[in-house]
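Hello,

Here is the structure for your files. My notes follow below it.

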Amino acid sequence: MDRFLLMTCFARSVETGSFSAAGRDLGMGQPNVSRNVAALEEHLQTRLLHRSTRKISLTPEGERYYAAIRRILDAVDESESSFRDRVEPSGLLRVACPTAFAHAFVLPNIPYFLDTYPKLTLDLQLNDRLVDLVNEGIEIAIRIGYLEDSSLHTKRLGWYDRVFVASKEYLARRGAPLTPEDLRDHDCIIYTLLSSGSTWRIQGKEIPVSGRLKVNSPDAASAAVAAGLGIAHGPAWLFDEGLNSGRLQYILMDYTAPPVPVQFVYVANRLLPTRAIAFMDFMTNVFSKIQALNGNIPLPIRYEKDFLQSVR
């Protein structure tokens, strides 16, 4: 029994979504792939895949096994590539990234990345939860904030300051807060996935905030503040459209929050494949040229100051 072949057939079936696609990818027929996966399940004495006439899907056992063997297959690929003089990054790369950040900065640059590395396939997983890199088979992730997991390594991509914004409509109706403590008397848009919950940390102080709207998406927070539903706190780039149009205004500009790092994270004891290194180097170079990720916040122009003064 060629267990490496069985694992490869299983992994490619998961990654391509079908035995037929895996067969084309591996240069063997669909029946051979199906038989190899069945042989692997028999060897392990467990079902790895749910099969239907339309698709295959992982069982819970299959999810755990896939994450484990993907690391093995990647290590083999990397070991072999180390003996070649020039290795072009290839294969499937899995990257996790926060949704709003991906739409703002990552996705616009993906066409250039894929053009640069034509043998590489990218599985970009966008969500705002904390992804388990090991159990979900993710090679690298982009994370915002400070790292707490000591089993992960980091590579800095950039950083940004957080700002306070509100719509002109809201400020005209409710007035502008003069100090962070004034936020207690305002409707604040609560981002429920924030680690600090309904508390905003401002210059070393913990300010409890409340509001009639809670959202679990940064994009939803941006839309809500533009609709005049309250005050929002987050990166300036998230509110870029409203700020550029003049519909949104900076507030509390004298009370900056601590800068937030943006970084790649990856498992410390895992050998990174060439494709992961290529992606990290490419995006690091791209992000170094983005002003919004290098601490550059445009100061409010004069009419904004005058407007805020008029509603206080």
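**Findings**

Of the 312 residues in the protein, 46% are buried (under 20% relative accessible area; exposed is over 50%, partly exposed in between, with a 1.4 Å probe and protein chains only). This is a predicted model, in which local features need pLDDT of at least 70 and side-chain atom pairs count only at pLDDT 80 or more, while totals for chains, interfaces and linings use all residues. Residues are numbered from 1 along each chain as its sequence is written, and side-chain values use heavy atoms, with hydrogens and water left out.

The protein has 11 helices and 14 strands (DSSP runs numbered from the N terminus: helices are H or I, at least four residues; strands are E, at least two). Among its contacts (heavy atoms within 4.5 Å) with a separation of 6 or more, 73% join residues 24 or more positions apart.

Helix α3 covers residues 30-44, 15 residues in length. V33, N36, V37, L40 and E41 of α3 are buried. Seen down the axis, these buried residues fall within an arc of 140° (taken from the directions from the helix axis to the C-beta atoms), so they line one face of α3. R35 and E42 are exposed on the other side of α3. Q45 follows α3, with a positive phi near 60°.

I138 counts as buried because its relative accessibility is 0%. R94 is 44 residues from I138 in sequence, yet their C-alphas are 5.2 Å apart.

Best wishes

Conventions: The expected span of a helix is 1.5 Å times one less than its number of residues.
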